[in-house]
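Me: I would like to go through some of the labels used for this structure and hear what each one rests on. Please set the values against the definitions.

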Amino acid sequence: MNRNEIELYIHIPFCVRKCAYCDFLSGPADEGTKARYLARLFDEFAFYGEMLGKGKHADRETAHGAVECKGPRRITSVFVGGGTPTSLSAEQLSGLFERLYGCFDIERDAEITVECNPGTLDANKLSALKGAGVNRLSIGLQSALDDELKLLGRIHTFEEFLKEYKAAKSLGFENINIDIMQALPGQTVGKAMRTVKTVASLEPEHISAYSLIVEEGTPFFERYGAHPELLPDEGTDRAIYHGTEEMLASAGFVHYEISNYAKPGFECRHNKGYWTGTDYIGMGLGAASLLDGVRFGNARTLEEYVSCFKDPSTVETLTGKDRMAEFFFLGLRMTEGVERAEFLRRFGIPADEVYGDVLRKHVAAGLLKDDGKKISLTERGIDISNTVMCEFL
Ligand code: SF4
C-alpha cells in the first residue's frame, strides 16, 4: 500500500425496485428526487475536490472540524456503487463523470468501476460510460436461474442479463465483474454450481460470490428469519463454497479473497485498497470515509443528506490498536494473507508482540498458516473466518 494513494467511492442510492433480501441504502425514486440528490452530490464533489487539492497541497479542516487531509493524494480508484448507478439516465451518468473530473485529479491509469444491474443497461448508457472513461463494470446478476431471480425479487431474467453483458463486451469493456449470490433458500449444491458454470463460461474477468445473509427489516427476514430450516444448512453452504472454488480454479480464476475470484491481473484494485487499509473518501448517502486515521460517515436519510451531507456523530478517530486490528481483520480476507514486515513498517512493533498468543493458538489449531514472513487463513480457517478474524479485534 502506498500511503499517498486515496480511493473515491460514490453512492447512487436509486434502484428500479427493492429486492426482497436487500438492506442497502437504496430504493426507487422519482426524477425530481434524483435531480436534487445529484445536485447535492456535486456539492460534495466540489468540497472534497478542493480539500484534496486538485494538484495542490491541501491541509485544512472539514465542515465538521475533525478531519484534515495532508495532500496532495493520488486518486487511483473510483467506484460508483449503489443502489443501481445505471438507473440514472445516460445524460445523468455523463454529467456525473464530467463533474467528477472537473473536481478531482484522477490518475490516468485509475481503475474506474460502475456497478450496474441487468434491466437498466442499454446501448446509450454503455456508450456514455465508455465515453466517460469507465474501464470496469460490476454487474449484479446473482443467479443464472430464473426461478432464483424471481425468488430474490430481481427485475430481470438471465436472458436479459446476457443481452446486456454481450452488449458491454462488444462495446469494448474488457474488465467485467459478475456478482453471484449463493446459499439461497432451497438452493442445492447442484443448482448453485449451474450458476457458477454458466457464469464462468461467459469468461468475465472477475466473479464475486457471496453467501446470502438474511438481514433484519427485509421481506426475506419476515419469510426466513424464523425458519432457518428453509435455508441451506452449514454443510451445504460450505459444499457450495468449495465447489465454487474448484470450478473457478479449473476455469483459470485466481481465488484472491474469501469471496472474490479474478483472472490473473484483474483483481479489483478498489477492494484490495480497502482490505489493505488505503484511505478512501465516500460521497453520497450514507457513504463512509477513512482519512488519515479518522473514520466518518454521511447522513443516512435523503432529507438529512440534502440539507447537510455530513453526519458529525459518526466521526471516530482510530487508535493505534484499532488500526492494528484492522490490518489483520481485513488483510486476512485475502488469500495471500498479511506480511509481518508490513505490520512492523506501519506500526513500529513486531506483530508477535501484539498478537503472538492469538497467532500461535490459531496456527496450532490449523486455522492459520505462518511461513515466518506471511500469515494467512488455511482452508479450515476460511470456513470459520469470522471467528478467527474477530480474535484480532
Ligand atoms: S438492485 Fe441491488 S441495491 Fe438495488 S435493491 Fe436490489 S440488491 Fe438492493
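Me: Which residue is the bridge partner of Ser 138 in strand 5?
Reply: In strand 5, Ser 138 has Asn 177 as its bridge partner. Strands and helices here are DSSP runs numbered from the N terminus, with at least two residues (E) for a strand and at least four (H or I) for a helix. The model is a predicted one, in which local features need pLDDT of at least 70 and side-chain atom pairs count only at pLDDT 80 or more, while totals for chains, interfaces and linings use all residues. Residues are numbered from 1 along each chain as its sequence is written.

Me: What makes strand 4 and strand 5 a pair?
Reply: Two strands pair if DSSP finds at least two bridges between them. Strand 4 and strand 5 are joined by 5 bridges and run parallel, so they count as paired.

Me: Why is strand 4 called mostly covered?
Reply: A residue is buried if 20 or more other C-beta atoms lie within 10 Å of its own, exposed if 12 or fewer, and partly exposed in between, with C-beta atoms placed from the backbone. In strand 4 (residues 136-142), 7 of its 7 residues are buried. On one side these are Arg 136, Ser 138, Gly 140 and Gln 142, and on the other Leu 137, Ile 139 and Leu 141, which leaves both faces covered.

Me: Is Ala 183 buried or exposed, and how do you know?
Reply: Ala 183 has 21 other C-beta atoms within 10 Å, and therefore is buried. Ala 183 sits in the loop between strand 5 (176-182) and helix 6 (189-201). Its phi is positive, about 60 degrees, although Ala 183 is not a glycine.

Me: What makes Glu 203 count as it does, buried or exposed?
Reply: Glu 203 has 12 C-beta neighbours inside 10 Å and so counts as exposed. Glu 203 also has a positive phi without being a glycine, at about 55 degrees. The loop that holds Glu 203 lies between helix 6 and strand 6 (206-211).

Me: Which residues surround the ligand?
Reply: The ligand is surrounded by Cys 15, Lys 18, Cys 19, Cys 22, Phe 24, Ser 26, Gly 82, Gly 83, Thr 84, Asn 117 and Gly 140. A residue is near a molecule or strand if its C-beta atom, placed from the backbone, lies within 6 Å of it.

Me: How many residues of each class does that shell have?
Reply: The shell has 4 nonpolar, 6 polar and 1 charged residues. Ala, Val, Leu, Ile, Met, Phe, Trp, Tyr, Cys and Pro count as nonpolar, Asp, Glu, Lys and Arg as charged, and the others, Gly among them, as polar.

Me: Why does Phe 24 count as partly exposed?
Reply: Phe 24 has 15 C-beta neighbours inside 10 Å, and so counts as partly exposed. Phe 24 is in the loop between strand 1 (5-12) and helix 1 (31-52). Phe 24 and Gly 83 are 59 residues apart in sequence, with 7.3 Å from C-alpha to C-alpha. Gly 83 belongs to the loop between strand 2 (74-82) and helix 2 (90-103), and a cis peptide bond with omega of about 15 degrees joins Gly 82 to Gly 83.

Me: Why are helix 1 and helix 2 called roughly parallel?
Reply: Their axes come within 9 Å and cross at roughly 20 degrees. Axes are lines fitted to C-alpha atoms, for helices over the stretch in contact, and angles run from 0 to 180 degrees between N-to-C directions. Angles under 35 degrees count as roughly parallel, over 145 as roughly antiparallel, 65 to 115 as roughly perpendicular and the rest as oblique. Helix 1 and helix 2 are therefore roughly parallel to each other.

Me: What makes helix 6 and helix 8 roughly parallel?
Reply: Helix 6 packs against helix 8 (residues 234-250) at an angle of about 25 degrees, with the axes 10 Å apart. The two helices are therefore roughly parallel to each other.

Me: Why is His 362 called buried?
Reply: His 362 has 23 C-beta neighbours inside 10 Å, so His 362 counts as buried. His 362 is part of helix 13 (residues 351-364).
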